[in-house]
Amino acid sequence: LVNAVCGAGKTELVYGIIAYCLSLGKTVAFAVPRRDVVIELLLRIKEVFSHNKVIAVYGGHTSSLTGDVVVLTTHQLYRYDNYFDLIILDEIDAFPFKNNPLLKSMFNRAKKGNIIMMSATPSKDIISYFSAQNRSILELNTRFHRHPLPVPKTIAKLGYFKFFYLIKKLKQFKKQKKKVFVFTPTIEKCELVFRILSVFVDGGSYVHSKCPNRTEIIKNFKEGDGAYLVTTAVLERGVTFKNLQVIIFDADHKLYDSQALIQIAGRVGRKIDAPEGEVIFLVNKPTLATNEAIRTIESKNASL
């Protein structure tokens with residue numbers, strides 16, 4: 001188990017073991033729950049292992065199933081029976097893998113060798129399982145650039161005052177040429193927030209799981225198109241943008257537990273030349289989850 005904070009470089013940590021396995025002619029899988037993360041990981045792993053066959057397998061992209069390294073969604077593991085010598089499973093606490101016995105069964109069926117499981121927010125049950133099985137746990141509480149994790153600020157506003165604050169902050173960040181993710185708990189809220197913001201702040205877009213062109217929207221935003229992106233949990237994990245700021249709209253929503261809030265906060269300050277940034281929990285009032293997320297991040301920083 002690799003228990004490492006967001007932005008520690010979990011993917012880079014396993015390059016050595018991937019190279020070792022490939023040198024022995026072994027088959028490697030890198031599995032994650034979500035398609036968007038598969039697409040980003042494919043590019044990164046291909047660049048490092050340019051002399052090997054690295055492929056991606058996800059829904060609608062299954063024409064090629066064999067390679068030296070197979071980057072795939074956890075759903076696609078059903079295609080492989082006792083196949084992989086090493087399976088690296090990232091984001092073990094993320095939907096839809098979390099608490100899904102069918103996907104866990106597929107995972108166990110696909111492996112014939114070793115496993116590496118990775119998360120920035122593993123549950124107590126996962127840690128207890130690895131400890132009870134006397135399996136190795138690697139804990140890393142710092143990012144690769146050694147700067148502290150950005151600590152979220154909680155801003156409490158009611159009704160439309162929440163939008164007034166959001167519009168003001170977006171204009172401020174735009175003037176500073178800082179890109180912003182505005183996270184929302186649901187698809188409906190995502191579209192509503194964008195409709196309101198677009199009237200007052202230009203240069204924005206929105207993305208969620210039902211957007212057919214979301215890969216293109218994310219790619220364009222990363223390459224410099226737009227000032228802010230209103231999004232759901234599709235960008236909660238596995239993405240890195242330089243000089244990014246994050247505002248979580250309705251961070252007190254019941255869908256946000258402390259693990260999700262920590263993951264979202266972890267989008268900020270990931271680059272060595274931009275290690276800082278703002279994370280704002282925009283709420284009606286603080287919750288146990290928002291308070292726990294802040295305490296956890298502060299405790300990680302205190303251990304540096």
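In which crossing, right-handed or left-handed, does H9 pass H10? The crossing of H9 past H10 is right-handed. The views below are taken from a predicted model.

**View 1. Packing of helix H9 against helix H10 in the predicted model.** Helix H9 spans residues 258-265 and helix H10 spans residues 288-302. Their axes lie 8 Å apart and form an angle of about 55°. Because of that angle, H9 counts as oblique to H10.

**View 2. Residues in the contact of H9 with H10.** On the H9 side, the contact is made by Ser-258, Leu-261, Ile-262 and Ala-265. These meet Ala-289, Thr-290, Glu-292, Ala-293, Thr-296 and Ile-297 in H10. Sorted by class, the contact has six nonpolar residues, three polar residues and one charged residue.

**View 3. The largest cavity and its lining.** One cavity of 30 Å³ or more is counted in the model. The space in the largest cavity is about 30 Å³. Its lining consists of Leu-170, Phe-173, Lys-174, Lys-178, Val-180, Val-201, Ala-227 and Tyr-228.

**View 4. Helix H6 at the largest cavity.** Helix H6, residues 161-175, supplies three residues, the largest share of the lining of the largest cavity. By class, the lining as a whole has six nonpolar and two charged residues, with no polar ones. Lys-174 and Lys-178 are the charged residues in this lining.

Notes. Residues are numbered from 1 along each chain as its sequence is written. This is a predicted model: local features need pLDDT of at least 70, side-chain atom pairs count only at pLDDT 80 or more; totals for chains, interfaces and linings use all residues. Side-chain values use heavy atoms; hydrogens and water are left out. On a 1 Å grid over the protein atoms alone, a cavity is a set of points where a 1.4 Å probe fits but cannot get out, and a pocket is an open set with protein on both sides within 12 Å along at least five of seven lines; lining residues have an atom within 4 Å of a point. Grid points are joined across faces, edges and corners, and a volume is the space filled by probe spheres set on the points. Helices (H or I, at least four residues) and strands (E, at least two) are DSSP runs, numbered from the N terminus. Axes are lines fitted to C-alpha atoms, for helices over the stretch in contact, and angles run from 0 to 180 degrees between N-to-C directions. Angles under 35 degrees count as roughly parallel, over 145 as roughly antiparallel, 65 to 115 as roughly perpendicular and the rest as oblique. A crossing is left-handed if the near helix is turned anticlockwise from the far one by less than a right angle, and right-handed if clockwise. Contact means heavy atoms within 4.5 Å.
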